[in-house]
Amino acid sequence: QVQLVESGGGLVQPGGSLTLSCAASGFTFRLSAMGWYRQAPGKQRELVATMTPGGTTNYADFVKGRFTISRDNAKNTVYLQMNSLKPEDTAVYYCNKGGTAYWGQGTQVTVSS
């Protein structure tokens with residue numbers, strides 16, 4: 001069955017960096033688009049970034065220039081490199097398989113001094 005396991009979240013100061021990882025299994029990863037979403041308290045889940053099997057990326061405006069999505073098909077893993085973090089980036093970050101109903105359990109990112 002499809003499994004997505006996120007890791008790498010934590011507490012970071014404003015301006016800092018974190019890299020999230022999502023280890024995937026149960027499907028042909030290299031053929032699947034992957035995405036990162038986030039949900040802050042009291043808000044709806046929102047798109048952060050996506051990447052197609054061919055490597056085309058799409059970013060939400062609020063992360064352009066700060067976040068980078070990448071994938072390693074040999075490791076069945078998708079990453080989210082987050083730089084210049086802001087307090088408003090605080091949320092639970094979720095990995096998603098290609099716009100489907102498959103989600104990871106989420107990893108908490110807290111940006112605070």
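Author: Here is a short chat about the fold and its sheet.

Author: This is a predicted model, where local features need pLDDT of at least 70 and side-chain atom pairs count only at pLDDT 80 or more, while totals for chains, interfaces and linings use all residues. Residues are numbered from 1 along each chain as its sequence is written, and side-chain values use heavy atoms, with hydrogens and water left out.

Reader: Fine. How many helices and strands does the protein have?

Author: Zero helices and 10 strands. Both are DSSP runs numbered from the N terminus: helices are H or I with at least four residues, strands are E with at least two.

Reader: And which strands form the open sheet?

Author: Four of them, in the order β1-β3-β8-β7, with antiparallel pairing. Two strands count as paired if DSSP finds at least two bridges between them.

Reader: Why is one side of β1 and of β7 left without a neighbour?

Author: β1 and β7 (67–72) stand at the edges and each has a single partner strand, so one side of each has no neighbour in the sheet.

Reader: What about β3, who does it pair with?

Author: Strand β1 (residues 3–7) pairs with β3 (residues 18–25) over five bridges, and E6 sits opposite C22 in β3. Six bridges join β3 to β8 (residues 77–82), where T19 has Q81 as its bridge partner.

Reader: How many bridges join β7 to β8?

Author: Six, running antiparallel, and F67 stands opposite M82 in β8.

Reader: Switching topic: how much of the protein is buried?

Author: Buried residues make up 41% of the 113. Buried means under 20% relative accessible area, exposed over 50%, and partly exposed in between, using a 1.4 Å probe and protein chains only.
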